[in-house]
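I opened my notebook to look up where a ligand sits and what surrounds it. Here are my entries, in the order I made them.

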Amino acid sequence: MKYRVAEIFSSINGEGPRAGELAVFVRFAGCNLQCTYCDTRWANEGGVSYREMTGAELYKQVLATGIKNVTLTGGEPLIQPGIAALTDLLCQDPALSVEIETNGSVSLKPFCTEADRRPGFTMDYKLASSGMEDKMVLANFEVLTCRDAVKFVVGDQNDLARACEIISAYGLIKKTAVFISPVFAHIAPSEIVKFMIVHQMEGVCLQLQLHKVIWDPEKRGV
Ligand SMILES: C[S@@+](CC[C@H](N)C(=O)[O-])C[C@H]1O[C@@H](n2cnc3c(N)ncnc32)[C@H](O)[C@@H]1O
Ligand SMILES: Nc1nc2[nH]cc(C(=O)O)c2c(=O)[nH]1
Ligand code: SF4
Ligand SMILES: [Mg+2]
């Protein structure tokens, strides 16, 4: 089995439950969605250059970094054929902590098992401003646990109101970690905080993409 790898790099994780920690990123080529605001559109385009790598090659490269947190992202990692074999390979190593960034359109039921060792999922719930809300698999909320996270990337007040509604309707705070993050440069973080105060969004964590503060927001491989 070979995987289409658009880039591998070491950085600090700029998003999610392990924000600020060192992580090695594997970005797969290709996505099944087209979010209006996507900051990695280049990795989804037909002509993107990628390396075909086996699981063993990927594992070796991850080990060579000496970094213990591994983030599989994209593109959409869960549409890579044979992705479960790769997560099994990485997760059998007790020294590694594996996280998958996924877009909410793929069923997580086959992945969220009772197994001791499985990846943690950070699942986006795509809101109206992404143009992809109708693609969301709502049944995923039944299988996410405290090992996982749901992220709402909000572009406007309408998105904020919808995120608030979903969090409450599905009791997400009791089940899993919940993040709200602005579409970069589209909505002021202070507007989000104001909304959180007014709507008493206890247990929700505002998150800004750290790597876009540290480096040029357009820079790849960071
Ligand atoms: C590029 S996506 C790749 C993983 C997967 N396809 C997904 O959407 O979750 C990784 C994360 O970046 C976020 N993201 C993409 N473009 C963004 C932007 N312009 N501002 C803020 N977050 C963005 C996505 O919402 C997602 O949480
Ligand atoms: N530093 C850094 N952290 C990240 N966390 C999630 C990312 C992603 O694109 O999925 C990402 C990314 O692209 N860079
Ligand atoms: S699902 Fe993720 S990679 Fe795909 S278009 Fe949306 S943000 Fe970009
Ligand atoms: Mg990114």
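First, my pocket rule: on a 1 Å grid over the protein atoms alone, a pocket is an open set of points with protein on both sides within 12 Å along at least five of seven lines. I say a molecule sits in a pocket if more than half of its atoms lie within 2 Å of its grid points. By that rule, ligand 2 sits in the largest pocket.

Ground rules: this is a predicted model, where local features need pLDDT of at least 70, side-chain atom pairs count only at pLDDT 80 or more, and totals for chains, interfaces and linings use all residues. Residues are numbered from 1 along each chain as written, chains are lettered from A and ligands numbered from 1 in the order written, and side-chain values use heavy atoms, with hydrogens and water left out.

Next I listed the residues around ligand 2 (a heavy atom within 4 Å). They are S11, I12, N13, G14, E15, F25, R27, T73, E101, H211 and V222.

Which polar contacts did I look up (N or O pairs within 3.5 Å)? A side-chain N or O atom of T73 is 2.6 Å from an oxygen atom of ligand 2. A backbone N or O atom of I12 lies 2.8 Å from a nitrogen atom of the ligand, and a polar backbone atom of V222 is 2.9 Å from a nitrogen atom of ligand 2.

I then checked cover, using Shrake-Rupley areas with a 1.4 Å probe. Ligand 2 has 320 Å² of accessible area on its own, and the protein covers 93% of that.

Note on methods: Polar contact = N/O pair within 3.5 Å; in protein donor to acceptor, adjacent residues only side chain to side chain. 1 Å grid on protein atoms, 1.4 Å probe; cavity = no way out; pocket = protein on both sides within 12 Å on 5 of 7 lines; lining within 4 Å.
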